[in-house]
Structures are given as structure tokens and as C-alpha cells.
Amino acid sequence: MLAAFTGRFPSLVGRAGALMNIVVLMKQVPDTEGARTLDPADNTVDRGAVDPVINYIDEFAIEEGLLLREAHDGDVTLLTVGPERATESIRKALSMGVDKAVHVSDPVLHGSDAIQTTKVLAAALGTLEWDVVVAGSEATDSRMSVVPAMLAEVLEVPQLSQARKVTVDGDSVSIERLSSDGYDVVRGRLPAVISVVEKINEPRYPSFKGIMAAKSKPVKTLTVADLDLDAEEFGLAAASTEVVEFAVAPPRQAGQVVVDEGDGGVKIAEFLASRKLV
Amino acid sequence: MATVLVLVDAAGDVVKKTTLELLTAARSLGEPAAVVLGPGQAAALSAVLAEYGAATIYAVAGAEFDQYLVAPKAEALAAVAAQATPAAVLVSSTPENKEIAARLAIKLGSGVLTDAVAVNANGSVEQSIFGGSITVTSKVRTGVPVIAVRPNSITPEPAATPGTAEVVEVDVPLSDAAKAATVVEHVGEDKGARPALSDASIVVSGGRGIGTAENFRIIEQLADTLGAAVGASRAVVDAGWVPHQMQVGQTGVTVSPQLYIAVGISGAIQHRAGMQTSKTIIAINKDPEAPIFELADYGVVGDLFTVAPQLTDELAKRKE
């Protein structure tokens, strides 16, 4: 079913009817509904302040991974880098139908930036056979939207990012990438890194059966040492960026609110004119 | 003086305002040098770039920037950086440019910061995080800082003593790795001539109060009168009234325009996260308790179906 190709992670090569190995990236983040803040001790995200959840957009990545498995046969591995408590989110992903998980968890990773995280992800992917990596386009905490591009750069595989539709045909992948005025059709060969936007699909809820099955699915925990990485290159002290200071944003100056008495539209126009905005 | 590279955003032969903002910010860090990617544009853009302080324009004329996704632009920018040895590289914080910045940071071994709302003279930046509830000062510790600046955050000002810009042609042969993702087709969806949401100076957004997809034309008419981009709340996108790329909010587009008009939007945290740093906010909503009024510089409690069209008419009248 799949033609041979010259990828670096060729689990599909030369195996007729081979399964597609799908890796979905997941980040556990503080719930956006909570009062998120930074930890004044080291200016990193305060992960204790608000309940942690699967990054919202990553649920669409998980669903897309499951849909790819259903369409092409194969298995879905969840890969996450995060503290011990990420196990809660891993369980949820497994209960949605993900087959197994790899959890890179190491105290030395605390405070790592996007580049360091990318290097850990790349090293963890080196321990797996994979054909496609599916990630969410953005995390709701950092909102940088850079890791999929960085990972494609590091792995030297096609970057197929900001996808609102993914189609795999043999070893060819094409996506519809969101643009400012529509979409671009972008194509590459497996292995590839895909990032998906929300609304690409409808993430499923864990079924009772899925929740029960998740309890016995394998979760492999890896440390930085397990990945043959130098601990000194990771974590806050070695990060390439630093939050120097932070403050609670001052609330916006309360404006004027009027009840419409038939001239609300005119009043807004007058306000805009007074501010020289029109 | 240290060179500060600015990646130019242009539409045809017109330099986008985001670039003028970056050049203005770059002047506080050193001597701006503009980077123009694509064939034949540099000469046409040079006068405006020089007016805003660009002393040098690095022109990479490769025709392949639109044929392959993102990677060629990062490769070209890295090649220019190798030649110019800049003190920093600035790009506008749009979805594509953030990806260029990401790949460039890996190539240069540099730290990258995105969505800066101000660039300080010492190279640190201000950011607004967690839906605008926290402001942070961040800096790059490693390598040449790569900084993506949120559009509309900086007021563009021409240089005090504009000179002329020297155009330096740079030839960057693309690697095969940069050609891994091919752009097969651009498909524009019906948006008329409206500006792009992420860098528009004025944004008019509609929310659940609009009621139906057809009624969304009330928002579009107001936007067109103002020359504004059109946005929407998540509820409107979830209902399928408008396409996803119009969603303003935590998980959609973040906008920071001079003027944001929220029509029939209650102002849930999800939405506020994407527009809270707008300079002036106007709200029209029938519910006086709607949280959007806490943000609004001017709010009208009333029926959007009368207030918004009246505003459109009044603005049209004032333009005559």
C-alpha cells in the first residue's frame, strides 16, 4: 500500500501493508478558565495555581491521530514532555483511544524553553519508529506556536503546519493550511511533522470502555539521561530566553457605558470622531 | 552601530504597516537593515524603507519563496544574518512569521520571543500573557535575539534623518531540506478587499447576538465603512456562520488594533484573550452586565440591529 521512500524514520519502508506509526504530541497546560499566573520564585508558569488539562488544541491533534489510524491502520503513540502530574492528561488521551504513551519527565527540564523542549521531543522520537508526528498548532499557555516548525527544522522533515485538513495517500501527505484569506494546499512526503488547528475535527469523548482500557495501556517514562541528553543543556538555567519580571496587568480604565435612546450609533460615531479614530 | 535585521512584509510594491512598526522599533536597538525576500521588489520598496530608517536593504531574489512552505524564508534570513551579523532580528508576529522565527532560532542557535508588544532599548521585550491578565518583561539570553512583534503595538514614525538605503543583493541557493513542503495551490476565500485580521488597524467583530449567518452582513457593512477587518467570537464560528480563520480569541487570532468594535459579543475570557490589548474598544450589547463593557472605552447597551446600522450610516455620512 505504501511506496518506499527515503526518510530517516522509515518504519513503513519495504513493508507491504505496514502499519502507520503515528505520534501525537501533547502538552499539559493550566486550564484557561482558571486564574493563571507565574510563580514568583522563578517566573515560570505556576502549574499549581490552576488545574492542569490537555492543551485544548492538542485534543484535535489526538483526534486527528486516531482518524489517521482508522483510515490507514497503525498505532498512535502519545508523546509528552512535562511534570509527573501530566500522567492525568496522558490517561485521558489513552482513554480517548491512543494506544500507548511516552512521557519524558525529569525535574531538570523544569523551566525549559521551546527550543529545549523541541530537542527533547526530537530525542524521544529517536527512540520510536514513526511516520508522522501530529501536534496542535499552539499551546494555550505560551501561545508561541513555534514547536512544530522547530521540530521539522531539527528533524529535517516536511513542516505541514496550521492544517485544517489532512490527507495521507501512500507516503504523500497533503494539508489545507489556514492562510489569512483562505487556505493553501501544501504537500510533502512522510515522515513529516503536521500541526493542526482547532475545528479540524470533532474530538471524541472517552467512552466507559475506553476509560477502562486506558488503565492497562503502556506508558513509558523517560528521563533526560535515558535519552542520552546532557542535563546541563536543559531547564531554566540553560534556557535561551528568560522572563525577567512580571506583573498583574492593570485593569483597563473603565470607559463610558450608555443605554441606547435611539441615538446609540450616532453617539459611538461622535466618540470615535472625538478620539480622531475616524 | 549594530545592525538590526527587519523582515519586510509587503503586498506587491507596498510596504505593510507592520514593517514600518518594526523599523521604528529597530531604530531603538541599532541601525535597521531591511530584508526583502522575493524577486524584483527591493527597488520598489526602498524609498519607504529608507524613510523609516533602513540603511541597507538585503534583497534575496529567489523565486521559490512562495513555492515551498516557510523553510526557504528561514534559510534566506539565516544567510542574510550570517552576512550582516546583526544584534537582533525582528519579524512581525503573524502565524507564518512566527514559524520563520522558530526555524531561524534553531539555525542561529538563538533564543526567540514572540508576540512582543514593546521592544526596549536594552533588547528586552514586553509581552502580554494569559489573556492579557499578566504582563511580562522577557529577554533572549542566547545568540542573536529573534523577536516577533505583535502588529499594531508600535506607532510607526519616519526616521528623524532619513537617508537612502543601499540595496545589497544576496544569493541564497536553497537546500533540498528547504523544499520539503510544496505549496501546491493558494485558495482565497471570499473576503473581498478587506485587510488581514491579524494586522488590521481596525477590527469589527460579531458575536452570538448576531443570531444568524445572514445577519453577519451587518458586521461586514460596518467593517467595510471603516476599512476594517472582520472578526468573530468562538460561538459564531462554532455555529458555522463564518469560517474558522475569523475567530478572535484565546485559540483563534490575537488582534491588537487601534480600534476594536465588538458587536453582540458578551466578552467571555476566551474572546478577551484575543483582543484585550486593543488600543480603543467599543462594545454594543443588549445585556448591561456583559463583561465586554468592563473593557470598553465606550459602550452602548442596546439592540445591535438598530445601533450597528445606525453607526454604519453615520460613519458613511461623515465620510461624504
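**View 1. An open sheet of 10 strands with mixed pairing runs from chain A into chain B.** The strand order is β13(A)-β7(A)-β6(A)-β1(A)-β8(A)-β12(A)-β9(A)-β10(A)-β11(A)-β12(B). Here helices (H or I, at least four residues) and strands (E, at least two) are DSSP runs, numbered from the N terminus, and two strands pair if DSSP finds at least two bridges between them. β13 (219-222) of chain A and β12 (182-188) of chain B stand at the edges with a single partner strand each, so one side of each lacks a neighbour in the sheet. On average, neighbouring strands are turned by 30 degrees against each other, direction ignored. The model is predicted: local features need pLDDT of at least 70 and side-chain atom pairs count only at pLDDT 80 or more, while totals for chains, interfaces and linings use all residues. Residues are numbered from 1 along each chain as its sequence is written, and chains are lettered from A and ligands numbered from 1 in the order in which they are written.

**View 2. Strands β6 and β7 of chain A run parallel.** Five bridges join β6 (residues 74-81) to β7 (residues 100-104) in chain A. L78(A) has A101(A) as its bridge partner in β7(A). Helix α3 (residues 114-125) of chain A packs on the sheet and touches β1 (20-26), β6, β7, β8 (132-136) and β13 of chain A; residues are in contact if their C-beta atoms, placed from the backbone, lie within 7 Å. The direction of α3(A) makes about 145 degrees with that of β6(A); axes are lines fitted to C-alpha atoms, for helices over the stretch in contact, and angles run from 0 to 180 degrees between N-to-C directions.

**View 3. Helix α3(A) is mostly covered.** Nine of the 12 residues of α3(A) are buried, among them I115(A), V120(A) and L121(A). A residue is buried if 20 or more other C-beta atoms lie within 10 Å of its own.

**View 4. Strand β11 of chain A meets β12(B) in antiparallel fashion.** Six bridges join β11 (residues 182-189) of chain A to β12(B). R187(A) stands opposite T182(B) in β12(B). Between the chains, 72 residues of chain B are in contact with 67 residues of chain A. Elements giving two or more residues to the chain B side include α4 (95-108), β7 (112-119) and α9 (304-319) of chain B.

Conventions
Two residues are in contact if their C-beta atoms, placed from the backbone, lie within 7 Å.
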